[in-house]
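Thanks for asking me to look this over. Here are my notes, point by point, to read beside the model.

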Amino acid sequence: MDPYQFTKMVGLSTGEKHFIWGGIAQDLRSDGRQRLHYRPISVETGVIPQANGSARVRIGATDVIASIKAELGKPSMHQPGKGKISIFVDCSPTAAPMFEGRGGEELSTELAVALQRCLLGGKSGAGAGIDLSSLIVTEGKICWDLYIDGLVVSSDGNLLDALGAAIKAALSNTGIPKVNVDLGPSPDDQPEVNVSDEEFLQFDTSGVPVIVTLTKVGRHYIVDATSDEESQMSSAVSVSVNRHGHICGLTKRGGAGLDPSVIMDMISVGKHVSEQLITVLDSEISAAEASATD
Amino acid sequence: MMYSDIGRLNCNISYTTFSTSIRGQGSDNKEFSAMLHKALEGSIILESFPKTTVDVFALVLESGGSDLPVIISCASLALADAGIMMYDIVSSVSVTCIGKNLIIDPTSEEEDHQDASFLISCMPSRNEVTQLTLTGEWTTAKVHEAMELCIDACSKLGDIMRSCLKEAASTLQ
């Protein structure tokens, strides 16, 4: 079962379906947008004081919060020179009644997996949006474990793009405390750790990609689909693209098959759209940061 | 369960405890199961069996890299063998990128050192991609190269799968 169907429990009449299809075919969607236009995006940073960094992103009626917590941990045996990042997503029952209890679990895992794929790069860490070696405190002994939690507060389609944007904004808002480590005289000693609560290190978020989802409805594809539009999709491709125009991850959902040439076309369109999205997001994030420090 | 006028597909992948070099370290089955579901659902004519569920269970006996593509191709063959109506068989191939080199059908060691990965499952006769995932940093040219490599491999694998089915059918007669 497609977990996305929970978000698209929209009962559309035949007339409404035709209206959506016809609008997309004529490049004028129900809310007046063109096929490759995003809804207005608003970003708010520092919404959760308890976290090391947080952000809330609203795209139309879609509302998500990302929070980032850093905890000291031990690097894994295989990669002693790298920190760890885990991404979780939670769908709040306020977004849709179906998310009550275990209802949103399947969608949550799917979103979390897609985000991991899009943000964390390959197994060796190459191409990751966040440099894992910057999270190391003492090689092989102490590192930062970064917990990224996404929360879907309200859902009106395009959750993955919104979560990606929220994580990007939250990371730029994140301060990692400076750590002083006092290594004992012998290498087996437990090192003494001193976490500063005054000095913070900022993250380099320039490499964090944005996610663009192209939803195929009929013969055309659109960006930033609302849940009404998502209910009419045959398949969707999410591409994550970084500042250099490199593709950092890709996932496809929806049952219908796609011609390889269509996929290549979607990738290049996604790349093009991502340039505008990065510009919009960057200015929104810096505006949010500026208003937060005021 | 709710009434459905199309068939349902249910996929489950599990690993034996001895399938990996470290005991009981089988990969995240839930994620794999979802991927298997997505790769197969587009190929099955679900309309042909309403009110019915098809269960696909995959058990990995020995994990030696490229697990998921093998599982997908294998499950598709099993569905064909079961006589489930399908548009086409699904063949799946993965590619790993280490440095500048593309390696098709990587082993576990190669997967552990991968900089980027690319997995595709497609229906060769219809030339349709049912599932595609990509991790790591890629340029468009490289994606194109990997895609062509994989599509070509998928169609070759599809031919092998087809002849295997024919052989099984002829020995039955």
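1. Strand 9 of chain A and strand 10 of chain A pair in the antiparallel sense through 4 bridges; pairing here takes at least two DSSP bridges between two strands. Lys216(A) sits opposite Tyr221(A) of strand 10 of chain A. The two strands make a hairpin with 2 residues between them, and Gly218(A) in the turn has a positive phi of about 65°. Helices (H or I, at least four residues) and strands (E, at least two) are DSSP runs, numbered from the N terminus.

2. Before going further, please keep in mind that this is a predicted model, in which local features need pLDDT of at least 70, side-chain atom pairs count only at pLDDT 80 or more, and totals for chains, interfaces and linings use all residues. Residues are numbered from 1 along each chain as its sequence is written, while chains are lettered from A and ligands numbered from 1 in the order in which they are written.

3. Which strands make up the open sheet of 8 strands? The order is 10(A)-9(A)-11(A)-12(A)-6(B)-5(B)-3(B)-4(B), with antiparallel pairing. Strand 10 (220-223) of chain A and strand 4 (101-104) of chain B are the edge strands, each pairing on one side only. On average, neighbouring strands of this sheet are turned by 20° against each other, direction ignored. Such angles run from 0 to 180 degrees between N-to-C directions, with axes fitted to C-alpha atoms, for helices over the stretch in contact.

4. On the chain B side, strand 5 (residues 116-123) pairs with strand 6 in the antiparallel sense over 7 bridges, and Leu119(B) faces Thr133(B) in strand 6 of chain B.

5. Two helices of chain A pack here. Helix 5 of chain A lies across strands 9, 10, 11 and 12 of chain A together with strand 6 of chain B, at about 135° to strand 9 of chain A. The contact between the chains takes 29 residues from chain A and 33 residues from chain B, where contact means C-beta atoms, placed from the backbone, within 7 Å. Helix 2 (105-119), strand 12 (247-253) and helix 5 (260-293) of chain A each supply at least two residues of the chain A side. Strand 12 of chain A gives the most, with 7 residues.

6. How do helix 2 of chain A and helix 3 (residues 159-172) of chain A cross? Their axes come within 11 Å and cross at roughly 55°, which makes helix 2 of chain A oblique to helix 3 of chain A. Oblique covers whatever is left after roughly parallel (under 35 degrees), roughly antiparallel (over 145) and roughly perpendicular (65 to 115). Residues meeting there include Leu111(A) and Leu115(A) of helix 2 of chain A and Leu163(A) and Ile167(A) of helix 3 of chain A.

7. In chain B, the axes of helix 1 (residues 29-41) and helix 2 (residues 67-81) come within 10 Å and cross at roughly 45°, so helix 1 of chain B is oblique to helix 2 of chain B. Among the residues that meet are Phe32(B) and Met35(B) in helix 1 of chain B, and Leu68(B) and Ile71(B) in helix 2 of chain B.
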